[in-house]
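The sequence and the structure come next.

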Amino acid sequence: MNCIKVGRLIQSLRKDKRMTQKELALLMNISDKTISKWERGLGCPDVSLLGELSNILGVNIEMILSGDLNPNEQDEGNMKNVKFYACQSCGNIMTSTGASSISCCGRILESLLSKTENDEHKITVHEIEEDYFVTIKHEMSRDHYISFVAYISYDRVMLIKLYPEQLAEVRFPKMHGGTLYMYCNRHGLWKYEKKKLGLGRVT
Ligand SMILES: [Zn+2]
Ligand SMILES: [Zn+2]
């Protein structure tokens with residue numbers, strides 16, 4: 001969070017609502033000194049206050065966090081555009097649904113490009129009760145293994161981390177449609193479309 005940008009945005013939204021710092025503070029049950037501190041960029045709102053703040057100011061939390069009323073185009077936040085990032089140094093895994101700059105261990109990470117299934121990176125999906133049971137035919141040795149499997153549905157990302165010596169299998173709760181991804185530490189990201197997998201119907 002860039003507190004200076006966030007503070008400026010809070011101030012301009014508050015003024016749009018024709019509220020004084022005191023009035024906003026009263027609504028939020030905090031001191032007007034806190035509001036003044038935010039607006040001067042001397043501190044960012046606590047995460048626990050963001051929900052209420054966004055309600056009162058009439059913008060979503062992401063906008064407050066970005067400190068900018070012109071974030072990505074609506075569509076860029078769509079789950080279809082989910083991007084994965086993997087840090088080669090520490091193994092950290094991150095996702096984003098829009099344009100973003102993600103860094104880890106002091107380096108900017110490029111989003112992973114996905115490939116489609118080949119013989120060495122194959123996924124099988126079985127429906128077991130309320131779950132999709134996903135098995136991957138791939139070795140799980142220390143230097144070559146599947147490091148995560150993710151299931152993207154229209155409104156969520158479910159990501160399961162795997163480690164060497166584990167079995168390459170995971171379970172996801174069944175949802176309508178979606179796309180599966182898996183990440184091999186040597187060969188990168190692999191994508192499996194729902195149609196291929198017979199992963200339920202798209203509503
Ligand atoms: Zn890292
Ligand atoms: Zn591989």
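Helix α2 is followed by Asn 29, whose phi is positive, near 65°; helices here are DSSP runs of H or I with at least four residues, and strands are runs of E with at least two, both numbered from the N terminus. The model is predicted, so that local features need pLDDT of at least 70 and side-chain atom pairs count only at pLDDT 80 or more, while totals for chains, interfaces and linings use all residues. Residues are numbered from 1 along each chain as its sequence is written, chains are lettered from A and ligands numbered from 1 in the order in which they are written, and side-chain values use heavy atoms, with hydrogens and water left out.

The protein chain comes to 6 helices and 12 strands. Of its 203 residues, 40% are buried, where buried means under 20% relative accessible area, exposed over 50%, and partly exposed in between, with a 1.4 Å probe and protein chains only.

In α2, the buried residues are Leu 24, Ala 25 and Met 28. Seen down the axis of α2, they fall within an arc of 100°, so they line one face of the helix; the arc is that of the directions from the helix axis to the C-beta atoms. An α-helix has 3.6 residues a turn, so residues three or four places apart point the same way. The face of α2 turned away from the buried side carries the exposed residues Lys 22 and Leu 26.

| Helix | Cover of its buried residues includes |
|---|---|
| α2 | α1, α3 and α4 |

Helix α2 (residues 21-28) and helix α3 (residues 32-39) pack at an angle of about 115°, with their axes 8 Å apart; axes are lines fitted to C-alpha atoms, for helices over the stretch in contact, and angles run from 0 to 180 degrees between N-to-C directions. On the α2 side, Gln 21, Lys 22, Leu 24, Ala 25 and Met 28 meet Asp 32, Ile 35, Ser 36, Trp 38 and Glu 39 of α3.

Arg 14 lies in helix α1 and is buried, with a relative accessible area of 6%. Not counting residues up to four places away in sequence, Arg 14 touches Met 19, Thr 20, Gln 21, Leu 24, Glu 39 and Leu 57. Arg 14 and Ile 56 are 42 residues apart in sequence, yet 8.9 Å apart in space, C-alpha to C-alpha.

Methods:
Contact = heavy atoms within 4.5 Å.
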